[in-house]
Amino acid sequence: MLQLHYRLPRVYGAALFVPALVGDCLLGILFLGQGEWQLLLWHFPLTLIWAMGVNLMAGQGERQKVFSFASWNKWGLSALLLGLGTLPGFGTCVYSLAFLLITYLFAPSTTQNQAINEPGLAAGTAFTDLLPLRDKIAQPLVDDMYEGNTEARRAVVAKLSRAAQPNTTQLLRQLLFDTQAEIRSDASIALARLDDDLSRTLNLSFQAWTANPTDTKLTLALVDQYYQYAISNVLDSKSQHFYLLLARDHLSDVITREKLHDAQLWLTLARIRQRLGELPEALQDARRALNIQPDLSEAALLAMELAFHTHAWDTLITLAGPGTIAVPPQTDRPADLPSLQWLAALPSKMGVGGRA
């Protein structure tokens with residue numbers, strides 16, 4: 001039904017577009033052959049009907065009052081003005097060719113959008129891979145989300161429903177308060193679907209871990225699912241806290257039991273503790289990650305942030321010493337770059353020449 005509602009205005013538009021275009025072109029041939037100016041009287045209604053068809057075909061499924069100029073889009077208005085301002089058949093033919101080429105031939109193909117629509121990204125991606133991917137999915141859809149018409153926005157909601165990531169689900173939560181009932185309903189259904197998918201994947205991981213709870217890989221996979229579920233933005237705050245506690249306990253136990261010296265695991269534990277509000281413990285875990293891998297810039301940045309929030313100024317100065325961290329030329333959060341530059345220059349401002 002949604003696809004039918006989306007295509008029906010285009011069908012109506014084509015029914016107006018094609019006959020009016022053919023009629024105007026034939027009128028142009030007759031005008032050139034006979035030169036009778038009375039033929040121009042037919043040019044105006046044919047051009048108006050043709051422009052209405054363009055307006056509907058370019059409207060992407062939005063229900064509009066065709067005879068209300070306030071609801072016409074830029075394609076329809078420019079078609080009307082160009083068609084009326086040129087001889088029969090000339091403006092309408094050239095504009096139709098350009099419109100069809102731009103709208104259909106050079107439009108992004110469905111295969112190019114499969115990377116965004118791919119359901120496998122929802123539950124199979126590890127949390128260490130979410131940061132570079134989530135912006136690729138969310139950012140290109142923001143303009144359509146807030147500037148597109150109803151059907152375009154519903155199409156965006158459908159795409160967001162296939163990617164259970166913090167940024168995409170945050171957009172869906174914002175749409176729960178949209179002014180249009182269709183958008184609110186679609187967003188609610190999408191969030192429920194994402195919740196079901198995530199919980200189903202988590203249950204499968206939990207069942208596998210239950211069969212062999214001493215297996216390190218199964219335990220880390222379960223921690224990964226706990227963490228993804230907690231940060232997905234589909235849960236309320238209490239449920240988020242609950243799954244973060246489970247992730248923290250299982251990860252802490254497996255690190256201690258197996259005596260793992262993996263900087264990434266300690267960094268993950270620090271991030272979990274940070275979300276739980278356990279800032280001093282998170283700082284210790286981040287520093288353990290740095291002890292194992294001193295060049296791990298993510299751990300250094302997190303440790304500096306935690307030291308700042310816990311007022312551990314000596315630790316902050318030590319971590320910000322010369323050569324400790326290089327400010328990246330690009331960051332996922334551009335607003336943080338001035339803060340990172342300030343932290344990197346902190347020792348020189350404090351008159352400290354090196355590590356404390």
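## Helices H8 and H9

Helix axes are lines fitted to C-alpha atoms over the stretch in contact, and the angle between two of them runs from 0 to 180 degrees between N-to-C directions. In this predicted model, helix H8 (residues 150–160) packs against helix H9 (residues 166–175) at an angle of about 135°, and the two axes are 10 Å apart. Angles from 65 to 115 degrees count as roughly perpendicular and those over 145 as roughly antiparallel. H8 and H9 are therefore oblique to each other. The crossing in which H8 passes H9 is left-handed.

On the H8 side, the residues that meet H9 are Arg153, Val157 and Leu160. Their partners in H9 are Thr168, Leu171, Leu172 and Leu175. By type, the residues of this contact between H8 and H9 divide into 5 nonpolar, 1 polar and 1 charged.

Asp178 is located in the loop between H9 and H10. Its relative accessible area is 13%. The cut-off for a buried residue is under 20%, so Asp178 is buried.

Leaving aside residues up to four places away in sequence, Asp178 touches Arg153, Ile183 and Arg184. Arg153 is also one of the H8 residues that meet H9.

## Helices H10 and H11

Helix H10 (residues 181–211) and helix H11 (residues 216–231) cross at roughly 160°, and their axes come within 9 Å. The angle makes H10 roughly antiparallel to H11, because the cut-off for that class is over 145 degrees. This crossing is left-handed.

From H10, the contact is made by Asp195, Leu198, Ser199, Thr201, Leu202, Ser205, Phe206, Ala208 and Trp209. From H11, the contributing residues are Leu218, Thr219, Ala221, Leu222, Gln225, Tyr226 and Tyr229. The residues of the contact of H10 with H11 divide into 10 nonpolar, 5 polar and 1 charged.

## Helix H12 and the loops at its ends

The loop between H11 and H12 holds Asn233. Asn233 is not a glycine, yet it has a positive phi of about 70°.

Within helix H12 (residues 237–258) lies Thr256. A polar atom of the Thr256 side chain is 2.9 Å from the backbone oxygen of Ser252. Is Thr256 buried or exposed? With a relative accessibility of 57%, Thr256 counts as exposed, because exposed means over 50%.

Lys259 is placed in the loop between H12 and H13. Lys259 also has a positive phi, of about 50°, without being a glycine. A relative accessible area of 64% makes Lys259 exposed.

Asp262 belongs to the loop between H12 and H13 as well. Asp262 has a relative accessible area of 34% and is partly exposed. The C-alpha atom of Asp262 is 7.1 Å from that of Ile292, although 30 residues separate the two along the chain.

## Glu278 and its arginine partners

Which residues does Glu278 touch, not counting those up to four places away in sequence? They are Arg248 and Arg273. Both contacts involve polar atoms of the side chains: the side chain of Glu278 makes a polar contact with the side chain of Arg248 at 2.4 Å, and another with the side chain of Arg273 at 2.9 Å.

Glu278 itself sits in the loop between helix H13 (263–276) and helix H14 (279–292). Its relative accessible area is 18%. That value falls under the 20% cut-off, so Glu278 is buried.

## The protein as a whole

The secondary structure comes to 18 helices and 0 strands. The protein has 356 residues, and buried residues make up 39% of them.

Among contacts in the protein with a separation of 6 or more, 62% are between residues 24 or more positions apart.

Notes. Residues numbered from 1 in each chain as written. Predicted model: local features only at pLDDT ≥ 70, side-chain atom pairs only at ≥ 80, totals over all residues. Heavy atoms only, no water. Helix = DSSP H or I, 4+ residues; strand = E, 2+ residues; numbered from the N terminus. Buried < 20%, exposed > 50% of the residue type's maximum accessible area, 1.4 Å probe, protein only. Polar contact = N/O pair within 3.5 Å; in protein donor to acceptor, adjacent residues only side chain to side chain. Contact = heavy atoms within 4.5 Å. Parallel < 35°, antiparallel > 145°, perpendicular 65-115°, else oblique. Left-handed = near helix turned anticlockwise from the far one by under 90°. Nonpolar A, V, L, I, M, F, W, Y, C, P; charged D, E, K, R; others polar.
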